[in-house]
Amino acid sequence: MSLPGSIGKVDCKVVLSSSPFNVIPKQEWGNFFSPDNFTRMSGPENTAERAPISDPSNIFPMPFPIAGYRLTEQMEVYDNFIMDQKGTWLEDAANVHPDASANYNQIKDEIVPGSLPGLSVASYPAMKNFFGWKVSDNVFKQHPPDSFEDKEAATSNSYQNEWTYRIKEVTGIKKAKILTPYMTSAPQNDKQPIHWGCQRVAPLQFNQPFEILYYHDKVVPNIPENGPELNLSFDNTWRGESLNDFARAIELSADETHGQQDDFGIKIDKKAYFIIRIGGIANDFSDYWFIFAQGLSPTLIGLVPAEANKMTEGVAFVGYPEYRIISQFREFVSDNLFGPNNDFFQFKIEPCRLGFLITVSTSTFSFPWIIQGTGKYPIFYGGIQNPGEAILSIYSGNVPCGFAFRPVQYAKSGIFRPPGQIIEVLNDTDMPICTAAMKGTGTNQQSVSTTANGKDYVYALDAEIITEQGTVASTTKTVISNAIGVTIPSGGERKVEIAVSSADAPAETEITQSTVEAIKRKKYQATVTLTSSNVEFKDIIIPQGKSPYIWQIRFEYNPPDQSAEETVGLDISCDVLSVDLQWNATSAWEISHAGSIKVLNRPNSSGINYYEQYSNRSIYLKIHAGWECGEGLPIQTIFTGMTVGATLDKQAERDVVTFKIEDYMNALEGIKFVLCPYYDGMYAYKAVEDILKHAGFPIKTKAKIIPLDSVSPYGLPFVNAFEQPQFRFQDGTPLKEAVVKIAKLEGNMMFFNQYGNFYYGPIPGGYVFNQDIDPVASLYSSVKNAQKGSDLIWNIKSVTRNINEIYNSVLVSTTDREGGTIVHKGLNNDAAIKSPESPGYMGYRKQFIHRDSAIGSEASANLFLQTYYKRLCVPPRTGRFELFGRSDLAPIDTILVDDEKFRIVNISRQIDKENNNYFMNVEGEWFDVIK
């Protein structure tokens with residue numbers, strides 16, 4: 001081996017360069033349509049006066065937390081009819097209430113709303129069936145009379161009642177009065193109160209919003225308390241249990257505030273009540289009951305699948321479905337629905353992206369009741385035997401009352417204009433993308449659609465046709481239809497059209513001192529138009545029965561790279577005195593590269609100190625170092641970055657400027673999010689690409705971004721991106737912080753290398769070490785083993801083990817994104833707690849606890865735990881040594897140190913050109929086998 005003196009002469013070259021960041025970065029703004037910001041929307045522009053209309057036209061803001069906008073309701077009013085068990089319509093029966101025929105004759109010749117010209121109620125049997133009802137068993141399984149003429153007294157198994165038709169005034173767009181079935185009977189005597197039931201003749205159109213009007217005469221009769229006890233039994237042969245048995249099973253305690261008296265909370269046979277039931281036929285798995293009764297908050301009871309956790313003779317057994325309370329609107333007690341101040345109420349149900357929105361309205365108040373559980377409660381399903389055709393039944397008792405059904409209808413179209421966005425552009429021809437979408441791609445998202453230009457989006461709307469800037473994206477998967485797991489009602493295609501116009505930005509927002517003439521500011525304004533469509537059901541057409549929904553639009557301006565190649569500037573090598581660099585893996589997810597460079601501050605030809613003039617700005621530079629005329633490794637690039645500060649030291653003989661330098665990670669730290677897009681559900685590596693675009697970094701030429709698993713890329717957790725996004729970073733969040741958070745979840749690392757190129761991908765060698773990785777160099781602490789001076793470790797090689805850095809118990813906690821339950825997963829190194837001879841032994845339990853709701857599932861928690869627990873439970877063996885400068889080594893490189901694999905963690909380089917010194921200190925860890 002040659003002597004150390006023959007290592008050679010230090011060669012250090014510093015060249016000024018240019019910024020790799022685009023003059024104009026990617027810009028992105030989103031408008032999230034919530035009830036709170038509805039007042040910020042304007043209507044269409046009045047072309048005559050060129051002034052905005054004060055309010056959006058025909059647009060309705062959905063309540064929180066659903067949010068989003070749809071068309072306003074513009075509902076027709078439809079007559080309803082009733083038949084007996086034999087199929088005879090009430091108007092055709094004999095010996096019925098005298099008002100029945102008179103009221104029917106009053107409306108029979110009226111034209112059916114939305115029908116073909118000339119079709120009256122009497123001449124349109126299909127429409128009569130669609131709005132027809134058939135008398136059925138009541139809620140206590142008592143049978144009705146076979147015909148309206150049957151006046152036999154009621155028994156314990158049957159009930160008696162008297163039906164008629166009443167004309168009811170209802171708010172509508174064309175007609176103010178409708179025909180409704182009306183139960184005239186009050187409690188007949190102390191022993192036989194009236195309880196009745198009706199079933200709609202036609203099944204419900206799947207996922208079609210509808211409304212039930214229920215009204216009475218404001219006076220609820222005194223209901224006898226000495227009548228027979230009746231139990232409410234659900235119509236399902238799997239269980240056949242009574243309501244009281246069911247209530248005890250779920251342990252619903254009495255609530256004295258609401259006057260509840262038994263296990264269920266009320267004696268329903270002794271109160272005025274109204275029940276809406278949606279479900280399949282007997283022996284099916286779909287059954288949902290909306291119960292409104294005196295003394296009870298509005299309650300939804302449903303048949304839900306049992307958990308597969310029961311054992312029968314040692315074999316797992318999937319239990320029968322069970323009735324459970326799904327939701328109660330406890331802010332309200334149904335007494336007000338049957339009081340003298342409210343003679344009617346309207347029940348309306350519509351599917352939404354969170355589940356279902358129930359709206360209960362009276363003459364004095366209205367409240368939204370939201371049933372959350374997307375896809376969990378298929379209320380409109382109809383069951384296995386009749387999928388897509390749910391049966392609608394209603395029950396009531398102890399009060400004379402009437403009712404009517406009608407589908408929800410909407411305005412033909414609506415229009416609104418979100419606030420305009422001011423965007424920096426290169427020239428007047430630049431136009432941003434404006435899309436009704438949230439960002440994202442990934443199989444774990446609820447809905448993914450590919451547009452004509454090949455980009456993947458998760459649409460923030462529910463519609464069949466989306467027109468954006470003249471490009472039509474048809475047959476689009478939408479959030480609501482996919483989330484609920486079923487199709488929307490058949491019929492026409494709902495449309496969302498987004499038109500974008502531009503104008504020069506207001507003068508007060510212009511950059512007045514810009515030296516780049518190409519930068520302009522433009523104000524872009526989107527106009528959103530929603531168009532409804534008809535609903536088809538066999539030979540029935542419901543006009544405007546489907547409305548589009550929209551939750552968000554997004555402006556995106558993605559300019560082309562404005563700096564394809566970094567320019568090579570002034571070579572200042574002759575004035576460099578020394579370089580000091582620290583290149584450290586500050587964590588398992590990031591590497592930082594910073595230091596200082598001292599330069600002789602000589603005057604230029606004009607007599608101005610040359611380098612002092614650079615102290616008030618950032619200067620981009622590249623540093624190359626190595627050896628010449630010896631055995632040292634030749635010159636290579638060791639740093640690319642920028643100056644972030646400067647200090648001028650005046651000495652007797654000379655002036656020296658010390659520049660503080662950092663790599664491009666400083667830029668990612670300095671650039672902040674403003675109106676960050678939603679990254680929920682997006683592939684992690686795609687989200688990182690997008691973040692770099694927001695920084696203006698040219699990812700095509702200077703970035704290497706790869707997923708941890710290229711076959712099945714990691715998707716960021718998707719909980720509810722509209723309501724509580726996990727990956728919509730707050731305004732002012734540094735881009736670096738966002739990338740680090742994503743890297744931690746995926747198990748990747750991010751850094752800028754010595755060439756200024758960005759890397760995001762798997763940790764070289766793996767987090768827990770890959771024994772098969774090839775070393776890039778071999779170093780030795782003995783002169784006998786080193787082949788040349790550049791391979792020799794000088795002075796001391798230190799080896800350290802720090803027991804205090806490890807743990808013997810690891811716990812990961814998160815929240816399941818589907819069910820909302822808390823997930824805890826943990827592992828113990830029992831030997832490190834109990835056995836003094838075991839590696840890592842402490843004699844006590846030392847816990848590492850990691851809580852992060854973004855992990856989102858038990859499977860992800862297991863993956864996180866398996867990835868990191870080994871590194872936390874085994875005491876690392878770390879080393880530190882010094883050697884002559886080698887420009888080929890970097891943190892995370894694997895090398896051989898005395899024939900053992902060693903991963904570099906930190907490198908510090910000291911170059912002293914004046915004294916011909918180039919040394920470096922290396923810190924790292926050995927590849928101990930972890931079992």
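This is a predicted model: local features need pLDDT of at least 70, side-chain atom pairs count only at pLDDT 80 or more; totals for chains, interfaces and linings use all residues.
**Close-up 1. Ser778 meets its bridge partner Leu896 in strand S54.** Ser778 belongs to strand S48, which covers residues 778–779, and Leu896 is its bridge partner in S54. Two bridges link S48 with S54, and the pairing is parallel.

**Close-up 2. Strand S54 has buried residues pointing both ways.** Take a look along residues 894–897, which make up S54. Thr894 and Leu896 point one way, while Ile895 and Val897 point the other way. Thr894, Ile895, Leu896 and Val897 are all buried. Leu896 is also the residue that bridges to Ser778.

**Close-up 3. Strands S54 and S55 form a hairpin.** Here we follow the chain from S54 into S55, the strand of residues 900–912. S54 and S55 run antiparallel and are joined by four bridges. Val897 of S54 stands opposite Glu900 in S55. Two residues lie between the strands, and Asp898 in this turn has a positive phi of about 50°.

Close-up 4. Of the 931 residues in the protein, 55% are buried. Among contacts between residues at least 6 apart in sequence, 71% join residues at least 24 apart. The protein exposes about 40100 Å², and carbon and sulfur atoms supply 48% of that area.

Definitions and conventions. Residues are numbered from 1 along each chain as its sequence is written. Side-chain values use heavy atoms; hydrogens and water are left out. Buried means under 20% relative accessible area, exposed over 50%, partly exposed in between (1.4 Å probe, protein chains only). Contact means heavy atoms within 4.5 Å. Accessible areas come from the Shrake-Rupley method with a 1.4 Å probe; for residues, only the protein chains shown count as cover. Two strands pair if DSSP finds at least two bridges between them.
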